Structure formats: structure tokens, C-alpha cells
Amino acid sequence: MTTFAPAVPGIRPRVSGLTAESVFVRRSLRHSLRDGESLLMAILLPVMLMLLFTFVFGGAIDPSGSYVDYVVPGIILLCAGFGAASTAVYVAGDMKAGIIDRFRTMPLRASAVLTGHVVASLLRNLLATGVVIGVALLVGFRPTADVWGWIAAIAMIAAYILTITYLFAAIGLAAGSPEAANGYGFIILFVPYLSSAFVPVDTMPTWLQWIAENQPVTPIIETIRGLLFGLPLGSQAWWALGWCLAILAFSVVWGAWLFRRKTT
Amino acid sequence: MQPAIAVTGLGKAFGRQSVLADLDFTVAAGEVFALLGPNGAGKTTTINILTTLTLPDRGTAMVAGIDVVRDPERVKQRISLTGQSVAVDDVLTGAENLIMLGRLSGLSSSASRGRAGELLDRFDLTDAADKRVGAYSGGMRRRLDLALSFVVTPEILFLDEPTTGLDTRSRRELWDTIRSLAQSGTTVFLTTQYLEEADQLADRIAVLDGGRVVAIGTAAELKARIGGDTVELHDPHGDLFAEVPTDGTVNGLRGALDVLDESGAEGVVTLRRPSLDDVFLALTSAGGGPAEPSPLKEIA
């Protein structure tokens, strides 16, 4: 009890550069690591889905046995969606707890809390993606891409993860509670099913084809597929990047607006 | 000396609901100042404006001599807020919480760790330093919350209902801690709905009702405002039988006893000083309805 020196009140300096961001990234990573169940689910669920699609449905969808090559890009996006969805829950939880008010009464960018969640989610999801690709290779996934194809594919996946994470962060701000954030997340997680992720679009009824062809997930999946198997990309890559940028821009602006509104 | 807080003509409405109407008060540097009022009186809104979380509609609020609307960043450098909902990270340990706040307060890594150690010791949390905060008791969480506010000793500490939800023992311990912190030169601005808390901690009390300060002064001054003592006659079971107000003079007391004598009742006479409860009920609209019980009465 004697070492404490309350002494004279001091003035808290404004933290410089990206100190706040790096502190919050570390905080969010600790949260991810300690929320073992969510982390395990984020990795196990996509792996199980992949095994399910490959071994149970795969034979019926594509009897030649190469369905695993077709489905893995879709599973990766699905996996990114699951992983990013927890961002909405974390953000909603932070906004509900008093800790955000403490950060907001300190001389720092309180929005750095969101940056922390987004960067942690990106790292967490890249890890999960790595595990999914590893298991996929074990069960017969044989992409034909060279190193540059792989790098480009991973960059595309990272861009998608970043985009959907920002979207989920904004949803977390919009939702009144972590539970609600979880619910909204589920709706978005269905979007990949209505794309070319699991079956080619031309096997769907006409009205559904129109939706599947014109929704953001299809060009992103086709781009990843094309990069991994050396297929011609055509305009798909541009559509994929365009969608990512548009959704990212929307999420950032919406999120910033929500953050200001929620906190004044 | 420049006042720690100076509020003039402060007003705030949410939609059509007016929360603060023309609030005025001044808090001297080094003082422990309590804003006392029932739920919905505007206590939290006042704290939110003073801590830059909410913008006022009109009026000015100066904290440490700085306008909270014009220069919130400089205000933030000099204050700490321990809010109504405990502002700690449940997933992190106590030590990690303190180190994080140290880094966010501009301390280096090693300085943050050193400061965390001092604060854990000072707030009696050393044993729980490496436990996750989620496993802490209510009293421990409040202590950690306070410790977080002292990573850099603030010029002004804002406490929004600091002991709400604590048991009697934890409340008394927290009172001791707040008292000792106030001795370090930090001005303490606290809100409370507990009369005893204001009485115990505050040098001066402002009674807030309907978004207005209805009375301000030391606890003794507020008690004096609603008049003198009361002579009470209790029957042998201790139940109050009759009470007569008195001005405290010998003649007044004799007169009061005569009145009780005429009533012909047998019993025990006591002289009661007005409590802050009486003041509160006399001054606020809460007096019209059922009174907000003080926590000790709830327990008793």
C-alpha cells in the first residue's frame, strides 16, 4: 500500500500514431484466443461442411469425384462469413458495455476499437482459411495454380474477408445487442448458398439464376476458382473487386455514421 | 483559484423531453462534490456533458477551465470517468486491463506494467491480478474500474453512481477508497441517489430535481435549511407516537414537551436532527410519492 504515489494529478498525453490501433488489435486478438469455442466453431464448422459436401452430396452433384475442386472456393467464403460474423457480436458487446465510454473520454480515436476488431477478424479468418485449405488438400483438392495464382487467390480471399468483416462490424453497431447482431449475421451467411459456390448457376431455375449471377458472391468465387485453376477470369475479377470495394465503402461510411450516432 | 467545474445555464433535451433546464453550479478544485437526485433527475446527462460524451443544447460547461464543447480533447486529457456500467474488459485479466489503459494513456510498455503493479497493490487486487475480470466479484470490479481511472491521476474524477448494486460492506470499502483518493488533490464529482453516500463523502451537495439544482451546500447547511430539530415521543415498543418540531431553544423545547405532555401519553422522548432524507423529500418531487429508500433501509 505504500508504493502508490497518487501525487499530483497529471495530464494524459494524446497517444501518437497508431498506438491506440495496435493496442486494440492486441485486445481483440486476446478476445479471439480466449473465446475458444467461437474460434473452434469458426474453423471446425467450415471443415465439416466441406467434408459433408465433398463426401455426402458431392457424389450426387458430380459423380466424377472432382467435386472437391469445385466446392472448396465456396467453402472458403462460407468460412470467412462465419468467422466475420463474430465481429458483429464483439462490436455489439463493446458498444453495450461501459468500456466504450471510458475510451471515448480519453484523448484517443475511440473508433480504433473497431479497427482492432476488424484486423483481429482478418487474422483469425486467414488462419481458419489456412486450415480449411490444408484439410481440402488432404481430401483431394488439387489446384493447378502457380505461386502467383495462389498469391492472387489469397489476396482476393483477404479482400473478401476484410469487406465482410467491415460489414459485420457495422451490423454490430446497428444491432441493439450481441444476440441481435448474431441474428442479423445469419441472414448474410445464407448469401453464398444462392451463388455458384456449391452448384453451377445454370442448374438453377431461371429466376434464381438471375439472382445468383448478379449477386456479389458469384464473381468472387469464380475469381478465386479461376486463379486457383488457371481458368480465364474474363470480367469476373473486376466485378469481384468492384463489389468488394463498394460493400467496403458502404460499410465504412455506414459504420462511421452509426458510431457517431451511437456515441453522442 | 480557478474552479474545477463551472456550469452556467446548461440545458439539454432529448426530443421533446427536457432533461436539464438551466443548470448552474461551481465545483472548487480539490472538492468532493455530489450531485444528488432521484432517478431521471438528469444526473447521468450532466456527467455525460461534463465528460464530453454528450453535447449540451445551450449553456456552457467549463472543466479544468476548458470549454467541453469547444475543446473536448484537452478536457479528456485531464479527466477520468467511472461510469454507471462498470467499464472493464471482462475477457482480460485485471493486470491486462490496467496495462492496456496505461498504453492508451501514453505510457510506455514498461511504465504501464509498473503502474499496473502499483495500482493493483493500492486497490487490493494483487491476488486477482492474473484472473479474468469476468470472475471478479462486484466490489472487485468497482475497485478495478476505479484503478483504471487512476492510471494517470486525473485532475477531475467523475463517478456516476459508484456504489449502485454493491453490498453494504463493499460500499463502505469503496467509500474509504474514494475518500483517500480525494486526498491526492483530485477533484471528485459524483452522482448518487443514496443520501447517505452524499452525506458520507461529499464536501458539498447539489440536489438535482427535474433538471434543475434545487439546493446546494454542505450536508449541514442543507439540513439547516429545512428547519430545526424534532422532538419525538416513542411508546414503549419503540414506535413513533408523536412528533413536534422545535427551533432548538430551551423555550422551544419546553413548549414541545408541554404539547407532548398534554397528549397524556407515556413514552420515551428523543431529539432528532433532520436527516438528509428529510431534506431530500422536502426539496424534490420525490416527496410527493413513495420515497426512494436508502440502501441501508432496504437491507435492515
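Where is D124(B) found in chain B? Let us find out below, after a short note on the model.

This is a predicted model, in which local features need pLDDT of at least 70, side-chain atom pairs count only at pLDDT 80 or more, and totals for chains, interfaces and linings use all residues. Residues are numbered from 1 along each chain as its sequence is written, while chains are lettered from A and ligands numbered from 1 in the order in which they are written.

**View 1. Two aspartates with positive phi, D124(B) and D22(B)**.
D124(B) sits in the loop between α4 and α5 (138-149) of chain B; helices here are DSSP runs of H or I with at least four residues, strands are runs of E with at least two, and both are numbered from the N terminus. Its phi is near 60°, a positive value in a residue other than glycine. D22(B), placed in strand β2 of chain B, also has a phi near 60°. With 15 other C-beta atoms within 10 Å, D124(B) is partly exposed, and D22(B), with 14 C-beta neighbours inside 10 Å, counts as partly exposed too. (A residue is buried if 20 or more other C-beta atoms lie within 10 Å of its own, exposed if 12 or fewer, and partly exposed in between, with C-beta atoms placed from the backbone.)

**View 2. An open sheet of four strands in chain B**.
The strands follow the order β2-β1-β4-β5, with antiparallel pairing; two strands pair if DSSP finds at least two bridges between them. β2 (17-27) and β5 (66-67) stand at the edges with a single partner strand each, so one side of each has no neighbour in the sheet. Strand β4 (residues 58-63) is joined to β5(B) by two bridges, and V63(B) stands opposite I66(B).

**View 3. An open sheet of three strands with a helix across it, chain B**.
Here the order is β12-β11-β13, again with antiparallel pairing. At the edges are β12 (240-245) and β13 (268-272), each pairing on one side only. From one strand to the next, the twist averages 20°. Five bridges join β11 (residues 230-234) to β12(B), and L240(B) is the bridge partner of H234(B). Helix α9 (residues 250-262) lies across β11 and β12, running at about 30° to β11(B). (Axes are lines fitted to C-alpha atoms, for helices over the stretch in contact, and angles run from 0 to 180 degrees between N-to-C directions.)

**View 4. Helices α3 and α6 of chain A packed together**.
α3 (residues 67-96) and α6 (residues 147-174) of chain A pack at an angle of about 30°, with their axes 7 Å apart. They are therefore roughly parallel to each other (angles under 35 degrees count as roughly parallel, over 145 as roughly antiparallel, 65 to 115 as roughly perpendicular and the rest as oblique). Their contact has 19 nonpolar, four polar and no charged residues. (Ala, Val, Leu, Ile, Met, Phe, Trp, Tyr, Cys and Pro count as nonpolar, Asp, Glu, Lys and Arg as charged, and the others, Gly among them, as polar.)

**View 5. The surroundings of T186(B)**.
T186(B) is found in the loop between α6 (168-182) and β8 (187-192) of chain B. It is buried, with 24 other C-beta atoms within 10 Å. Leaving aside neighbours within four places in sequence, its contacts include P9(A), T153(B) and L181(B), where contact means C-beta atoms, placed from the backbone, within 7 Å. The C-alpha atoms of T186(B) and E155(B) are separated by 5.0 Å, although the two residues are 31 residues apart along the chain.

Notes
Contact = placed C-beta atoms within 7 Å.
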